[in-house]
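These are my notebook entries on one protein model. I record what I looked up, entry by entry.

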Amino acid sequence: MKKVLIAVSLLATVTFGLAGCGSNSASKEASSTKVTSKNQDKISEYEGIIKTARDFNENGHYKASNKALNGIRIADLTKKGFGSLKTEYFQIQKSNDAFLLKEGKKQNQVASSNGSTTNLNTRVRLKTI
């Protein structure tokens with residue numbers, strides 16, 4: 001008789017344990033749907049910013065393009081649903097930086113050919129205390 005009671009209680013414990021797992025995953029799915037609907041407004045906003053930055057980039061306004069990209073929080077790009085925006089963000093930024101670097105090198109060449117010794121691409125290293 002004791003073996004039957006132990007088997008029944010063990011079976012009941014396992015059954016209730018598994019039932020709890022199923023309801024937990026259902027609540028996670030519901031909350032994930034809420035998160036994506038909350039982020040949909042952000043995604044729409046960021047798509048507009050990406051379009052503006054891309055237009056600036058295509059028209060040769062690389063600094064303005066980077067400034068437009070500053071309107072996007074990088075931390076948001078790691079969230080679910082932001083993958084394509086993240087890819088496009090970094091492609092545009094990389095393109096802007098490449099053209100700005102070329103412009104800086106051209107300005108350095110012009111300055112050095114005019115007898116000036118100013119280096120426009122110098123970086124300042126800040127000492128932390």
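Entry 1, terms. I call a residue buried under 20% relative accessible area, exposed over 50%, and partly exposed in between. The model I am reading is predicted.

I looked up the secondary structure and found 3 helices and 0 strands. Read from the N terminus on, the order of elements is α-α-α. I then checked burial: 18% of the 129 residues count as buried. For the surface, I noted that the protein exposes about 10,300 Å², with carbon and sulfur atoms supplying 59% of it. I also looked up contacts between residues at least 6 apart in sequence, and 54% of them join residues at least 24 apart.

I next listed the buried residues of α3, which are Leu 85, Tyr 89, Ile 92, Asn 96, Gly 104, Asn 108 and Ala 111. I kept in mind that an α-helix has 3.6 residues a turn, so residues three or four places apart point the same way.

I looked up the aromatic pairs and found 3 of them in the structure. One of them is formed by Tyr 62 and Phe 99, whose rings are stacked, with 4.7 Å centre to centre and 5 degrees between the planes. This pair links distant parts of the chain, as Tyr 62 sits in helix α2 and Phe 99 in helix α3, 37 residues apart. I checked the accessibility of each partner. Tyr 62 has a relative accessible area of 12% and is therefore buried. Phe 99 has 34%, so I class Phe 99 as partly exposed.

I located Asn 66 in helix α2. Its relative accessibility is 16%, so Asn 66 counts as buried.

In soluble globular proteins, nonpolar side chains tend to be buried together. I looked up the largest nonpolar core here and counted 13 residues, among which Ile 50, Ile 72 and Leu 85 touch the most other members. The elements giving two or more residues to this core are α1 (2–58), α2 and α3. Which element supplies the largest share of this core? I find that α1 does, with 5 residues. I then followed Ile 72, which touches Tyr 46, Ile 49, Ile 50, Leu 77 and Tyr 89, residues up to four places away in sequence not being counted.

I found Thr 52 in helix α1. Thr 52 has a relative accessible area of 37%, so I class Thr 52 as partly exposed. Between Thr 52 and Ser 65 I note 13 residues of separation in sequence and 7.3 Å in space, C-alpha to C-alpha. I placed Lys 79 in the loop between α2 (62–69) and α3 (83–113). Lys 79 has 37% relative accessibility and therefore counts as partly exposed. Lys 79 lies 8.7 Å from Asn 39, C-alpha to C-alpha, and the two are 40 residues apart in sequence.

Key:
Residues numbered from 1 in each chain as written. Predicted model: local features only at pLDDT ≥ 70, side-chain atom pairs only at ≥ 80, totals over all residues. Heavy atoms only, no water. Helix = DSSP H or I, 4+ residues; strand = E, 2+ residues; numbered from the N terminus. Buried < 20%, exposed > 50% of the residue type's maximum accessible area, 1.4 Å probe, protein only. Contact = heavy atoms within 4.5 Å. Areas by Shrake-Rupley, 256 points an atom, 1.4 Å probe, with all protein chains shown as cover. Phe/Tyr/Trp six-rings, centres within 6.5 Å; stacked < 30°, edge-to-face > 60°. Core = buried A, V, L, I, M, F, W, Y, C linked by side-chain atoms within 4.5 Å.
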